[in-house]
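I am opening a notebook on a structure that is new to me.

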Amino acid sequence: MDLGRMLEETGRNFAGKTALIHNETILSYSDLNKFVNSFANKLKSLGVGKGDKIAIILPNIPEFVISYFAAQKIGAVAVTLNIMSTAFELSYLLENSDSRVVVTTGQLAPRAEEACRAMPNSPAIIVTNGLDQPSPFKDALQGPFSFEIPEIEEDAPAVMIYTSGLTGKPLGAVLTHKNLYSQSDLLRNPLQ
């Protein structure tokens, strides 16, 4: 099973259950799935498709989860980048990963914009100021709330995580849908 379908199934089976709590924001699995579908539609409208990279430069906020799973539903690869990275570091990471879109906060946007200026094919930048504040990210959550998930092979890349680069430049480690689904299954059933 791929991660997009896993969320879709969870959204159906546990629709009213709490999926995320962040400060005063509480999202049910149904709400989370709706937001993910809406953001996936936004990414698709930007020309993002299977195998494309979506750089996520976000702290631990609901927008991270929404962006991550929207990438999974499209069949894209979520490139999770450290929010403490400098513009110089981001420039290398964004170009190396060939990211098509960058999702970040208003506070981090200037650093991402500086990094993108140095790239030959500058990625689109989608900024969030929180789910309760106006932003391009919030605009992308207004619907449509359904999304047709393409066929995604279990060995397709799902996420790219960069190493620390202690002996050279950071390297992107790729995990597949199967890797991540197996890990989630182990966490759900640790004694099996």
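Before reading any accessibility, I note the terms: buried means under 20% relative accessible area, exposed means over 50%, and partly exposed lies in between, with a 1.4 Å probe and protein chains only. The model is a predicted one, in which local features need pLDDT of at least 70 and side-chain atom pairs count only at pLDDT 80 or more, while totals for chains, interfaces and linings use all residues. Residues are numbered from 1 along each chain as its sequence is written, and side-chain values use heavy atoms, with hydrogens and water left out.

**Entry 1: salt bridges**

I searched the whole structure for salt bridges and found four, a salt bridge being a side-chain nitrogen of Lys or Arg within 4 Å of a carboxyl oxygen of Asp or Glu. Side chains of opposite charge can pair when their charged atoms come close.

I looked up Arg5 and saw that it pairs with Asp2, with 2.6 Å between the closest N and O atoms. Asp2 is buried, at a relative accessible area of 4%, whereas Arg5 is partly exposed at 27%.

Next I looked up Lys73, which forms a salt bridge with Glu8, where the closest N and O atoms are 2.3 Å apart. Lys73 belongs to helix α3 (residues 62-74) and Glu8 to helix α1 (residues 3-13), so this pair ties together parts that are 65 residues apart in sequence. I take helices as DSSP runs of H or I with at least four residues and strands as runs of E with at least two, numbered from the N terminus. Lys73 is buried, and its relative accessible area is 0%.

I then found Asp52 and Arg100 joined in a salt bridge, at 2.8 Å from N to O. This pair links distant parts of the chain, 48 residues apart, with Asp52 in the loop between α2 (29-45) and β3 (53-57) and Arg100 in strand β5 (residues 99-105). Arg100 is partly exposed, with a relative accessible area of 33%.

**Entry 2: α1 against α3**

At what angle do the axes of α1 and α3 cross? They cross at roughly 115° and come within 7 Å, where axes are lines fitted to C-alpha atoms, for helices over the stretch in contact, and angles run from 0 to 180 degrees between N-to-C directions. I therefore record α1 as roughly perpendicular to α3, a label for angles of 65 to 115 degrees. Leu3, Gly4, Met6, Leu7 and Glu8 of α1 meet Tyr68, Phe69, Gln72 and Lys73 of α3, contact meaning heavy atoms within 4.5 Å.

Leaving aside neighbours within four places in sequence, Gln72 is in contact with several residues, including Leu3, Ile152 and His177.

**Entry 3: α4 and its end**

In α4, I noted Ala87, Leu90, Ser91, Leu93, Leu94 and Ser97 as buried. These buried residues pack against β3, β4 (77-80), β5, α5 (109-117) and β7 (157-162).

A polar atom of the Ser97 side chain lies 2.9 Å from the backbone oxygen of Leu93. Not counting residues up to four places away in sequence, Ser97 touches Lys53, Val79, Met160 and Tyr162. After α4 comes Asp98, whose phi is positive, near 60°.

Conventions
A polar contact is a pair of N or O atoms within 3.5 Å; within protein, one must be able to donate a hydrogen and the other to accept it, and residues adjacent in sequence count only if both atoms are side-chain atoms. Angles under 35 degrees count as roughly parallel, over 145 as roughly antiparallel, 65 to 115 as roughly perpendicular and the rest as oblique.
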